[in-house]
Amino acid sequence: MQFDLTMTDELLATTRAVRKRLDFDKPVPREIIEECIALSQQAPTGTNSQGWRWIVVEDADKRAKLADIYRKMSGPYLEEQGKIAEESGDAQTMRVLDSAVYLAENLQHVPVHVIPCLQGRPPEGTPVVALSAMMGSIFPAIWSFQLALRARGLGSCLTSLHLFNEKEAAELLGIPDDVLQIALLPVAYTKGTDFKRAQRPPASDIMHWDHWGT
Ligand SMILES: Cc1cc2nc3c(=O)[nH]c(=O)nc-3n(C[C@H](O)[C@H](O)[C@H](O)COP(=O)(O)O)c2cc1C
């Protein structure tokens, strides 16, 4: 099979964290969410564990409550990060934070909240090798899910701030104690589909060949 590299690279390079361009008014069909989650199941997992679990929240009252839970920590956290970015003159991060504040204020309006979870919880002192295998067995699937959404005209943003109050979200959604929430992805159709590449340093700046420092 010959991949269309222009399309493939465009998908990989322009799947952004979408916040201000989420369409709050256009309903998202359940089939699309299920199709994208099915594609995400092709992602790798440590020892073929396949421990992905997903809870998809459409109910407006529950989305409003999740947004309240998210905002408990998003305010102080984003404010602190804003000060740091301003002091260092980091314009890109300041734009990201402005967009993050918008999302926090409007999270309840996003038609679908998707919470990827993992069966099992790491005990205190879990070694790095096990932590890596655990988190590395869900983030590839999350990214595949986001890419599949983008290819269908939808957008999302990987968020983690509701996890400061993970237990409250678990109680709201009936998630058992031995299930670990990993993130919350607001999902909607996007207003327009023309997203740009972000500015990043050249790859050579972050690479080493054969020996650290070369
Ligand atoms: C692990 C992780 C946690 C994140 N948590 C949040 C979050 O809580 N809220 C938010 O608005 N964005 C969150 N983001 C999105 C980042 O801010 C975003 O990816 C980054 O600014 C780069 O933007 P881009 O993805 O469009 O290139 C998170 C991203 C990652 C990978």
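A polar side-chain atom of Arg200 is placed 2.7 Å from an oxygen atom of the ligand. Taken alone, the ligand exposes 620 Å², of which the protein buries 65% (accessible areas by the Shrake-Rupley method with a 1.4 Å probe). The model is predicted, so that local features need pLDDT of at least 70 and side-chain atom pairs count only at pLDDT 80 or more, while totals for chains, interfaces and linings use all residues. Residues are numbered from 1 along each chain as its sequence is written, and side-chain values use heavy atoms, with hydrogens and water left out.

An N or O atom in the side chain of Arg19 lies 2.8 Å from an oxygen atom of the ligand, and for the side chain of Arg16 the corresponding distance is 2.9 Å. The shell around the ligand (residues with a heavy atom within 4 Å of it) includes Arg16, Arg19, Tyr70, Val96 and Arg200, together with Cys157, Leu158, Thr159, Ser160 and Leu161. By class, this shell holds seven nonpolar, two polar and three charged residues (Ala, Val, Leu, Ile, Met, Phe, Trp, Tyr, Cys and Pro count as nonpolar, Asp, Glu, Lys and Arg as charged, and the others, Gly among them, as polar).

The largest pocket contains about 770 Å³ of space. Of its 20 lining residues, Arg16, Ala17, Arg19, Val96 and Ala198 are the closest to its centre. Pockets and cavities were defined on a 1 Å grid over the protein atoms alone: a cavity is a set of points where a 1.4 Å probe fits but cannot get out, a pocket is an open set with protein on both sides within 12 Å along at least five of seven lines, and lining residues have an atom within 4 Å of a point. The lining of the largest pocket comprises six nonpolar, four polar and 10 charged residues. Helix 4 (residues 91–106) gives the largest share of this lining, five residues (helices are DSSP runs of H or I with at least four residues, strands runs of E with at least two).

One cavity of 30 Å³ or more was counted. The largest cavity has a volume of about 40 Å³, and Arg16 is one of its lining residues. Strand 3 contributes the largest share of that lining, three residues.

Gln181 belongs to strand 4 (residues 179–181) and counts as buried because its relative accessibility is 4%, buried meaning under 20%. Its side chain makes a polar contact with the side chain of His162 at 2.8 Å (a pair of N or O atoms within 3.5 Å, one able to donate a hydrogen and the other to accept it within protein; residues adjacent in sequence count only if both atoms are side-chain atoms). The Gln181 side chain also reaches the backbone oxygen of Glu166 at 3.0 Å.

Note on methods:
Points joined across faces, edges and corners; volume = space filled by probe spheres on them. Buried < 20%, exposed > 50% of the residue type's maximum accessible area, 1.4 Å probe, protein only.
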